[in-house]
Structures are given as C-alpha cells and as structure tokens.
Amino acid sequence: MSELHKFLFEGLPVRGMLVRLTDSWQEVLRRREAAGAYPQEVSGLLGQMSAAAVLMQANLKFNGALILQIHGDGPLKLAVAEARSDLDFRATAKVMGEVPTDANLGAMLNASGQGRCAITLDPQDRLPGQLH
C-alpha cells in the first residue's frame, strides 16, 4: 500500500512528510515492462523523482500538476515525474543508448555538462488568457 504521512515534532518548529510508493510504484513498473523495462538505474531514478514530486505536490495548496523534468546529454535524454493534486502520479523516461551498470545521475544525464532540471506547475483551472 502506498502511503503519505505528515509529522510534527512537539514543541519544535519542525514538520515533515514521509512518502512510501509501494503498490503504486509497482504498478508503474508492471505497465512499463509490457513496453520494455527501463534499466535498473533509470527505474531507480524515476522512483526517486516520483517520490519527490508527490512530496512537493503534497506540500502545495495548488489545483493542478507538479511536473519534475530532467533533460540531459547522456544516454538518459529525458526523465519526467508528474504528481497531480489528488497525488496520483506518473513517470516516464527516454533512453537512447546504453546506460552503464551502477551509473550515477551525472553519467546518465550530464555526460558533457548539458544536464538541466525544471519544475513546472500546471494549473488545472486556467484563468482567461492563461496559456497551456
């Protein structure tokens, strides 16, 4: 079962959240296997990105989607995790070439220093004149 727990330390100005994507993440992996599984390193990164997107979205009072994207110049060209207001999420990646075993983020995405990250908030209810 996937879970999100908020916590607070009594008497201290500290609060936090813990997310566990178990069943929901296994479903993402199961669906991906039908189209060809990602290398383990890419699946691990997508899992971390999905958890981060859910945690960020859970902290926002925002009706829409939070989209976390990383683009690179290594074998992993694009990785995207999206979390919606109801905390449903999805994740995908575009891999071109061989991902070395035990490759770190830099080796997968930032081979020549051209990697970049974007976090986008996509409102569900756009105001008149707002673009997509």
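Select R31 to begin: with 59% relative accessibility, this residue counts as exposed (exposed means over 50% relative accessible area, buried under 20%, and partly exposed in between, with a 1.4 Å probe and protein chains only). The model is predicted, so that local features need pLDDT of at least 70 and side-chain atom pairs count only at pLDDT 80 or more, while totals for chains, interfaces and linings use all residues. Residues are numbered from 1 along each chain as its sequence is written, and side-chain values use heavy atoms, with hydrogens and water left out.

**Salt bridges**

R31 and E27 are 4 residues apart in helix α1, about one helical turn (helices are DSSP runs of H or I with at least four residues, strands are runs of E with at least two, and both are numbered from the N terminus). E27 is partly exposed, at 27% relative accessible area.

Next, select R30. E27 also forms a salt bridge with R30, where the closest N and O atoms are 2.5 Å apart.

Move to R90 and E82, whose side chains meet in a salt bridge at 2.8 Å, N to O. E82 is buried, with a relative accessible area of 11%. The structure holds 5 salt bridges.

**Nonpolar core**

Select V42, L46 and L76. These residues have the most contacts inside the largest nonpolar core, which has 26 residues (such a core is a set of buried Ala, Val, Leu, Ile, Met, Phe, Trp, Tyr and Cys residues joined through side-chain atoms within 4.5 Å). Helix α2 gives the most to this core, with 7 residues. Around V42, display L76, A93, V95, V99 and M108, which V42 touches when residues up to four places away in sequence are not counted (contact means heavy atoms within 4.5 Å).

**Cavity lining**

Finally, select W25, V28, L29, R32, Y38, S43 and L46, which line the largest cavity (on a 1 Å grid over the protein atoms alone, a cavity is a set of points where a 1.4 Å probe fits but cannot get out, and lining residues have an atom within 4 Å of a point). Helix α1 supplies the largest share of this lining, 4 residues.

Terms used
1 Å grid on protein atoms, 1.4 Å probe; cavity = no way out; pocket = protein on both sides within 12 Å on 5 of 7 lines; lining within 4 Å. Salt bridge = Lys/Arg side-chain N within 4 Å of Asp/Glu carboxyl O.
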